[in-house]
Amino acid sequence: MLVNNAFLLKRAFEGKYAVGAFNANNLEQIQGIIAGAEEENSPVILQASQGAISYAGLDVIAAIVLNIAKETNIPVSLHLDHGMSFEQNVKCLRAGFSSLMFDGSTLPFEENAAITKKVVEMAHPVGVSVEGELGRVAGTENKLTIDEINALLTQPDQAAEFTKLTGVDALAVAVGSVHRMRTQVANLDINRIREIRKAISIPLVLHGSSGVTDDSIKMAIREGLCKINVATALNMAFTQGMATALRAKPDEIDPRKILGVSRDEVKKVVKQKIRVFGSNGKA
Ligand code: G3H
Ligand code: ZN
């Protein structure tokens with residue numbers, strides 16, 4: 001069934017686990033994610049970035065996920081990841097997404113808060129939830145130094161003000177992770193998460209989780225992290241699946257025989273992440 005993030009994250013917050021928010025760009029990634037969540041009997045957030053939307057098509061992604069959500073017994077939310085404009089959020093709302101995100105993390109505080117508030121005012125009357133972002137989770141391509149990453153971390157007092165001003169359902173916080181890391185070596189600033197949690201009571205969201213150690217993620221969940229975004233680890237699994245299939249049979253031309261392996265690899269990673277997040281059995 002289709003639900004929104006607010007519903008899933010409230011249950012996660014109370015149950016002290018986190019819901020995986022897995023990025024997908026194509027049919028097989030979506031199928032792998034849903035199959036992994038089904039096998040673990042876990043709620044799941046299927047999220048599409050603007051890049052995924054321009055690659056696959058907004059209505060195509062929505063049609064696939066909404067149809068799967070209708071058929072499956074696990075709760076599924078369809079979420080816009082890193083919506084960079086108000087207009088993108090409007091389009092996703094219209095396409096049937098159950099959850100939105102305005103990412104104004106590169107904007108001045110007031111502008112970020114003002115646009116996020118507008119998205120909330122549009123979404124809430126029709127039961128759609130909204131994630132905001134304060135502080136900035138950079139990407140590996142930004143090649144930031146540790147000091148530069150630290151300068152972008154979320155300030156607890158600002159998080160409190162932002163939450164009050166906007167009415168968001170969940171807040172993405174910068175607490176030491178970096179997008180698109182290929183190895184799990186980063187540790188989160190647990191103390192900062194604790195301080196943010198003292199300042200606000202809405203669910204916290206982790207971006208850039210592919211590079212964070214499992215132990216650090218588990219600690220952060222105990223401090224109130226409820227939604228964990230995973231993209232790079234799934235992309236790696238998907239492409240490695242293709243490579244494995246083609247290595248085993250270099251003259252294979254049936255895409256199903258190649259992408260089917262990718263789909264299984266995605267499913268395995270999703271299952272493993274769900275167990276780390278503790279959402280298995282929570283559907
Ligand atoms: O919004 C998507 C995520 O933050 C994914 O980050 O690619 O580092 O796993 P990741
Ligand atoms: Zn992200």
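Begin with Lys143, which is exposed, with a relative accessible area of 71%; exposed means over 50% relative accessible area, buried under 20%, and partly exposed in between, with a 1.4 Å probe and protein chains only. Lys143 is found in the loop between strand E5 (129-134) and helix H7 (146-151); helices (H or I, at least four residues) and strands (E, at least two) are DSSP runs, numbered from the N terminus. Although Lys143 is not a glycine, its phi is positive, at about 45°. Most residues other than glycine have a negative phi.

A note on conventions is in order here. This is a predicted model, in which local features need pLDDT of at least 70 and side-chain atom pairs count only at pLDDT 80 or more, whereas totals for chains, interfaces and linings use all residues. Residues are numbered from 1 along each chain as its sequence is written, chains are lettered from A and ligands numbered from 1 in the order in which they are written, and side-chain values use heavy atoms, with hydrogens and water left out.

**The zinc ion**

Next, select ligand 2. Which residues coordinate the zinc ion? The donors are His82 (NE2), His179 (NE2) and His207 (ND1), at 2.1 Å. Donors are N, O and S atoms within 2.8 Å of the metal (3.2 Å for Na, K and Ca); water is not among the atoms, so sites may look incomplete. Along the sequence, the donor residues follow the spacing H-x96-H-x27-H. His179 lies in the loop between strand E6 (170-173) and helix H9 (190-199), and His207 in the loop between strand E7 (204-206) and helix H10 (214-222), so the pair ties together parts that are 28 residues apart in sequence. Both His179 and His207 are buried.

**Ligand 1**

Now select ligand 1 and display its surroundings. It is surrounded by 13 residues, and the closest are Asp81, Arg180, Gly208, Ser210 and Thr232; a residue counts as near if one of its heavy atoms lies within 4 Å.

Remain with Arg180, which is located in the loop between E6 and H9. Arg180 is partly exposed, with a relative accessible area of 44%, and has a positive phi of about 70° although it is not a glycine.

**Further selections**

Move to Asn26, in the loop between strand E1 (19-23) and helix H2 (27-39). A polar side-chain atom of Asn26 lies 3.3 Å from the backbone nitrogen of Glu28 and 2.8 Å from the backbone nitrogen of Gln29.

Finally, select Val168, in the loop between helix H8 (156-166) and E6. Is Val168 buried or exposed? Val168 is buried, with a relative accessible area of 4%.

Conventions
Polar contact = N/O pair within 3.5 Å; in protein donor to acceptor, adjacent residues only side chain to side chain.
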